[in-house]
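This report describes one protein chain, starting from a single contact and moving out to the chain as a whole. Please look over the sequence and the structure first.

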Amino acid sequence: INNAPNMRYMSGGQFKVPIVFRGPNGAAGQLGATHSNSTEALYSNFPGLKVVSPSIPDDGKGLLKTAIRDDDPVVFLESELMYGMKDEVSEGADYTIPIGEARVAREGDDVTIVAHSKSYHIAMDAAEQLEKKGYEAEVIDPRTIKPLDIETIVQSVVKNSQIGRAVQQECRDRSR
């Protein structure tokens, strides 16, 4: 983790380190505090290291294939609590998902919720509860922690905030 991300930089681009460090992350059933750390923030601070944390099986498949093909080191973190999750996955032989591209999982116009891995499912439940109260929550699943798709998140926050709506209205007024 310390040396692999630096090899391409230190070699002036001559060396590639196509390696995937794959393992569990976050809370797990009956393992106690010593085995329930969320390490994505720690790993995301290593320059040159990519950090992936899928929320649904389809993303797991597509992102893992992309990580394996990447010329740089990737940490692929999975929630143990999601190992038994079943859902449809794309059957394409060459199905991949780009690292660093967030997914808008649920459209909404009132509030933005950003969540990944196991917390994504809690966010989707929260969005359903908000809908019952008349609010439309947009849920963004970053899928990768580093690089983080800041642009998608910011666009959603601007769209769904009062200040963002005021700025958008002002821009529309000025363009007339």
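This is a predicted model: local features need pLDDT of at least 70, side-chain atom pairs count only at pLDDT 80 or more; totals for chains, interfaces and linings use all residues.

## A buried glutamate and its surroundings

The side chains of E40 and H116 are joined by a polar contact of 2.7 Å.

E40 belongs to helix α2, which covers residues 40–43. Which residues does E40 touch, leaving aside those up to four places away in sequence? They are N25, V51, L77, H116 and I145. E40 is buried but forms no salt bridge. The nearest side chain of opposite charge is that of K118, 14 Å away.

| Helix | Residues | Member discussed |
|---|---|---|
| α2 | 40–43 | E40 |

The chain as a whole has six helices and seven strands. Read from the N terminus, its elements follow the order α-β-α-β-α-β-β-β-α-β-β-α-α. The chain has 176 residues, and 38% of them count as buried. Among contacts with a separation of 6 or more, 77% are between residues 24 or more positions apart. The chain exposes about 10500 Å², with 54% of this supplied by carbon and sulfur atoms.

Notes
Residues are numbered from 1 along each chain as its sequence is written. Side-chain values use heavy atoms; hydrogens and water are left out. Helices (H or I, at least four residues) and strands (E, at least two) are DSSP runs, numbered from the N terminus. Buried means under 20% relative accessible area, exposed over 50%, partly exposed in between (1.4 Å probe, protein chains only). Lys and Arg count as positive and Asp and Glu as negative; His and the chain ends are not counted. A salt bridge is a side-chain nitrogen of Lys or Arg within 4 Å of a carboxyl oxygen of Asp or Glu. A polar contact is a pair of N or O atoms within 3.5 Å; within protein, one must be able to donate a hydrogen and the other to accept it, and residues adjacent in sequence count only if both atoms are side-chain atoms. Contact means heavy atoms within 4.5 Å. Accessible areas come from the Shrake-Rupley method with a 1.4 Å probe; for residues, only the protein chains shown count as cover.
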